[in-house]
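I have a new structure open today and want to find my way around it.

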Amino acid sequence: MTFQSPKAQMPVQHFQVYMAEDFRVAHGVNEGDALGVADELLLEDIYRLRPGARAGRLALSQPQPVAQTGTRPAPAFRIAGGSELGAAGHALHLDALLTFMAPHGETLEALVLVETDPAGLIAATYLLPLAPLAPRTGYTLVTIDRDKARARLAQSASVSFTRSTRITMADGRQVPVEELRPGDRILTKDSGPQVLRWIGRQTLRAVGAFAPITIAPGALNNTGPLTLSPNHRLFVYQRTDWLGTGTREVMVRAINLVNGTSVVQSAGGFVEYYQLLFDKHEIIYAEGIAAESLFVDMTTRPVVPEAVRERLAGSAHPVEMGQELSPGELSRADAVELLRRASSC
């Protein structure tokens, strides 16, 4: 087996979205119309998800600044290669944050994303729900907000640890994440002891994109239960290539490891999330296994105070962290066990 060497590359964000055509007005002024951009939407219209509609994976790469066109916000994101939906390289604009009300009074937030071709024409519109959409349910549009869309996208993309997660310090102590303070020295995989520059804290409803993932003790050789945000990536060094990836150093997203037994996603109530930021993107140790720190790019920038962003501009530089495994490479029922064995043998 010839193993590949890791390459420095920008992390790609992955989101599960619906095509706008799958979410149409069932009752209201725009009855029959598919979801559109914010300027076309009317409050009080009632939407329903098409029976059998399936969410697809939309991959976003580091965005590049573009000129603003009309009222559509800039900069644009870019659709990354390997995305299940959209055309690689097309611009992707974050249009608005929508709030819907379900029949029993509960609210649901969703983001509207607009893909444009090189000529600036709309190629597709997507709905990114931040909580699960139920079939055969009417959702009444109650608010349209352009200003808060970036912040909500950033929250869903930020990698976070939950309260009580034990982080390995430079001196070997295991300290709960909520007890950490800026200036603490944390052990990192590649850079040795590093100073923690900023800690973010958010309390969010634990639904959809914010429902945490828990990895049971020992499932990946972790010493205790490890609970993370869904997009949080773990680093695994394969002593033996059980999954046949051809590389020793791999990154895996927590959401792609869910198997219903040793790795589960829990929805309901609220979750307290913590983000850890260093001078640059790092791999640290949580419950004894390697996990990434917050990476500051155009997607996650809104969660970090402006003064901190300016001081830590270097944290957006790509570093070698291993090849990220795709959901297809982790589709085997025993993928978690194989990764555990690969890092142990």
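This is a predicted model: local features need pLDDT of at least 70, side-chain atom pairs count only at pLDDT 80 or more; totals for chains, interfaces and linings use all residues.

**Entry 1: strand pairs.** Tyr18 stands opposite Leu127 in β8. I then asked whether β1 is mostly covered or mostly open. It is mostly covered, with 5 of its 7 residues buried.

**Entry 2: the chain as a whole.** How many helices and strands does the chain have? I counted 3 helices and 24 strands. Of the 345 residues in the chain, 51% are buried. I also looked at contacts between residues at least 6 apart in sequence, and 63% of these join residues at least 24 apart.

**Entry 3: the pairs of β9.** I went on to β9, which spans residues 139–145. It pairs with β3 in the antiparallel sense over 2 bridges. In this pair, the bridge partner of Tyr47 is Tyr139 in β9. Strand β6, residues 91–101, also pairs with β9 in the antiparallel sense, over 5 bridges. There I noted Met101, whose bridge partner in β9 is Thr140. A reminder to myself on strands: in a regular strand the side chains alternate between the two faces of the sheet.

Entry 4: Is Arg136 buried or exposed? Arg136 counts as exposed because its relative accessibility is 70%, and the cut-off for exposed is over 50%. Ala134 has a relative accessible area of 30%, so it is partly exposed. I also checked backbone angles: phi of Arg136 is near 55°, a positive value in a residue other than glycine. As for what Ala134 sits across from, I looked up Ala102, which is 32 residues apart from it in sequence and 9.4 Å apart in space, C-alpha to C-alpha.

Entry 5: Glu44 lies in the loop between β2 and β3. At 57% relative accessibility, Glu44 counts as exposed. Then I turned to Thr261, in the loop between β19 and β20. Thr261 counts as exposed too, at 64% relative accessibility. Its C-alpha atom is separated by 9.1 Å from that of Ile215, 46 residues apart along the chain.

**Entry 6: the cores.** Next I went inside. I kept one general point in mind: in soluble globular proteins, nonpolar side chains tend to be buried together. Which residues have the most contacts inside the largest nonpolar core? They are Phe161, Ile167, Leu180, Leu234, Leu257, Leu276 and Leu339, in a core of 36 residues. The elements that give two or more residues to this core include β18, β19, β21 and α3. The largest share, 4 residues, comes from α3. I followed Leu276 for a while: leaving aside its neighbours within four places in sequence, its contacts include Phe161, Ile167, Val177, Leu180 and Trp198. Apart from this core lies another, of 26 residues, with Ala20, Ala102, Val112 and Val207 among them.

**Entry 7: helix α1.** I asked why α1 can be called largely enclosed by the rest of the structure. The reason is that 7 of the 9 residues of α1, residues 149–157, are buried. Among them are Arg152, Leu153, Gln155 and Ser156.

**Entry 8: the largest pocket.** I ended with open space. The largest pocket has a volume of about 550 Å³. It is lined by 21 residues, and those nearest its centre are His14, Phe15, Gln16, Ala209 and Ile255. Two elements give two or more residues to the lining, β1 and β8. The largest share of the lining, 4 residues, comes from β1. By class, I noted 12 nonpolar, 7 polar and 2 charged residues in the lining.

Terms used. Residues are numbered from 1 along each chain as its sequence is written. Side-chain values use heavy atoms; hydrogens and water are left out. A nonpolar core is a set of buried Ala, Val, Leu, Ile, Met, Phe, Trp, Tyr and Cys residues joined through side-chain atoms within 4.5 Å. Buried means under 20% relative accessible area, exposed over 50%, partly exposed in between (1.4 Å probe, protein chains only). Contact means heavy atoms within 4.5 Å. On a 1 Å grid over the protein atoms alone, a cavity is a set of points where a 1.4 Å probe fits but cannot get out, and a pocket is an open set with protein on both sides within 12 Å along at least five of seven lines; lining residues have an atom within 4 Å of a point. Grid points are joined across faces, edges and corners, and a volume is the space filled by probe spheres set on the points. Ala, Val, Leu, Ile, Met, Phe, Trp, Tyr, Cys and Pro count as nonpolar, Asp, Glu, Lys and Arg as charged, and the others, Gly among them, as polar. Two strands pair if DSSP finds at least two bridges between them.
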